[in-house]
2 protein chains.
Amino acid sequence: MKIYDVGNPAPNPRRVRIFLAEKGIAVPYEPISLMKGEHKAPEFKEKNSLGQVPVLELDDGTHISESISICRYFEALHPEPALFGATPVEIAQIDMWIRRIEFIVMGPVGNVWRHADARTSKIVKQFRDFGEANRETAFNAMRWLDRELVGRDFIAGQHYSVADISALCTIDFAKFIGLEIPADCPNLKAWHARVSARESAAA
Amino acid sequence: MKIYDVGNPAPNPRRVRIFLAEKGIAVPYEPISLMKGEHKAPEFKEKNSLGQVPVLELDDGTHISESISICRYFEALHPEPALFGATPVEIAQIDMWIRRIEFIVMGPVGNVWRHADARTSKIVKQFRDFGEANRETAFNAMRWLDRELVGRDFIAGQHYSVADISALCTIDFAKFIGLEIPADCPNLKAWHARVSARESAAA
């Protein structure tokens with residue numbers, strides 16, 4: 001078993017690394033060079049036709065891509081500690097928060113990266129006006145998340161979960177592209193300090 | 001218990017209706033009028049601060065939004081038939097396909113709807129060039145899905161799953177906004193006929 005990875009600051013592979021650190025599971029990582037275009041090579045596309053990382057390769061040759069799906073595989077094998085929730089309501093609420101973080105926060109952050117960042121301008125066709133408009137959408141998403149965090153320590157409630165992992169990778173990637181948490185978001189900042197202090201955040 | 005719903009052709013509430021039909025679970029639906037803006041009213045935003053449907057309301061007042069998360073709640077309560085997979089590999093692969101359908105197919109379809117459709121032009125600020133460019137992205141996503149379907153009957157393998165429900169709602173919504181499956185996608189068309197023939201597709 002191994003995981004194809006590209007290292008920081010890419011948010012998707014980092015989610016898996018933090019998740020495995022929280023679970024105490026060691027899996028070997030095989031680095032893929034985006035600079036050399038290894039993720040778009042035919043031999044890698046046989047592992048994931050979309051040419052994206054991370055990809056988990058099982059010993060029987062099965063491949064699983066999508067960061068959260070790889071985490072679900074390990075959660076099913078090693079249920080404790082339950083990072084996707086233990087009861088039907090917890091399971092649903094953590095899943096809801098994974099999706100909200102991705103659609104509401106990571107969505108506009110990704111649009112800024114793809115369409116308004118100089119570093120991607122040579123790789124993809126950019127729609128700059130659209131990308132620039134997403135800066136404010138991303139900040140407003142952080143303000144919405146700040147309001148949601150009133151009265152609770154973690155994204156999906158009083159317990160640390162995959163939703164926190166997803167949000168941490170999103171917020172740190174946002175900072176990497178110049179979208180820092182706005183000053184008027186004290187709850188989001190406190191949450192960020194709280195989850196960043198965990199040992200797993202170094203993964 | 002009840003589900004706030006807006007009816008067809010919205011893809012998100014339909015996923016839940018098809019899922020419950022496949023499970024044989026009856027839950028009362030309460031219609032929300034988008035035309036009257038009921039989803040943006042303060043009393044609805046207390047149920048889902050994002051003002052989106054569907055929302056599941058439990059008898060204790062707990063609210064769960066996000067279509068797939070609502071489905072996960074019912075899967076945890078009623079595991080059979082297993083529509084999110086039964087083994088760790090199945091669970092991971094079905095989740096991977098749910099995500100691929102959303103990010104790779106629904107992503108560009110949603111961008112066309114939001115940014116290039118006359119019906120949304122009065123509701124949101126549109127970036128028309130961006131929206132128009134997403135038509136080809138959506139068609140190419142369908143062609144990619146067509147290639148992935150070679151040799152199997154359903155989206156995530158040989159068994160019907162939530163990934164098929166998500167893909168059916170996506171493909172039918174794409175058609176609603178003028179993005180029909182391209183002629184060069186025989187596998188996707190055969191899959192679409194296969195899942196549309198199920199009784200649940202009428203939900």
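## Two copies around an axis

Let's start with how the chains relate: chain B can be superposed on chain A by a rotation of 180°, with 0.0 Å of shift along the axis and an RMSD of 0.0 Å. This is the relation of a two-fold axis. If you want a landmark for the axis in chain B, look for B:Phe130, whose C-alpha is the nearest one, 3.6 Å away.

Please keep in mind that this is a predicted model. Its scores are ipTM 0.97 and pTM 0.97. For chain A, the mean pLDDT is 97, and 100% of the residues reach 70 or more.

## Where the chains meet

## Two domains in chain A

Now for a single chain. Chain A is divided into domain 1, covering residues 2–77, and domain 2, covering residues 88–202. The C-alpha centres of these two domains of chain A lie 21 Å apart. Their contact draws on 10 residues from domain 1 of chain A and 11 residues from domain 2 of chain A.

Which elements give two or more residues to the domain 1 side of this contact in chain A? They are α1 (11–23) and α3 (67–77) of chain A. Of these, α1(A) gives the most, with seven residues. The domain 1 side that touches domain 2 in chain A is made up of seven nonpolar and three charged residues, with no polar ones.

## A helix pair in chain A

Two packed helices are described by the angle between their axes and the distance between the axes. In chain A, helix α4 (residues 88–116) packs with helix α6 (residues 162–176) at an angle of about 10°, and their axes are 8 Å apart. An angle under 35 degrees counts as roughly parallel, and that makes α4(A) roughly parallel to α6(A).

To find this contact in the structure, follow A:Ile94, A:Trp97, A:Ile98, A:Ile101, A:Glu102, A:Val105, A:Met106 and A:Val109 along α4(A). Their partners on α6(A) are A:Val162, A:Ala163, A:Ser166, A:Ala167, A:Thr170, A:Phe173 and A:Ala174. Sorted by type, the residues of the contact of α4(A) with α6(A) are 12 nonpolar, two polar and one charged.

## Backbone details to look for

A few backbone features are worth a look as you go through the model. In chain A, the peptide bond from A:Val53 to A:Pro54 is cis, with omega near 0°. A:Pro54 belongs to the loop between α2 (42–45) and β3 (55–57) of chain A. Chain B also has a cis peptide bond from B:Val53 to B:Pro54, with omega near 5°. There, B:Pro54 lies in the loop between α2 (42–45) and β3 (55–57) of chain B.

You can find A:Glu66 in the loop between β4 (63–65) and α3 of chain A.

Terms used
Residues numbered from 1 in each chain as written. Chains lettered and ligands numbered in written order. Predicted model: local features only at pLDDT ≥ 70, side-chain atom pairs only at ≥ 80, totals over all residues. Axes fitted to C-alpha atoms, helices over the stretch in contact; angles between N-to-C directions. Helix = DSSP H or I, 4+ residues; strand = E, 2+ residues; numbered from the N terminus. Parallel < 35°, antiparallel > 145°, perpendicular 65-115°, else oblique. Contact = placed C-beta atoms within 7 Å. Nonpolar A, V, L, I, M, F, W, Y, C, P; charged D, E, K, R; others polar. pLDDT = per-residue confidence, 0-100. Least-squares fit on C-alpha atoms with pLDDT ≥ 70 in both. Domains from an automatic or database assignment.
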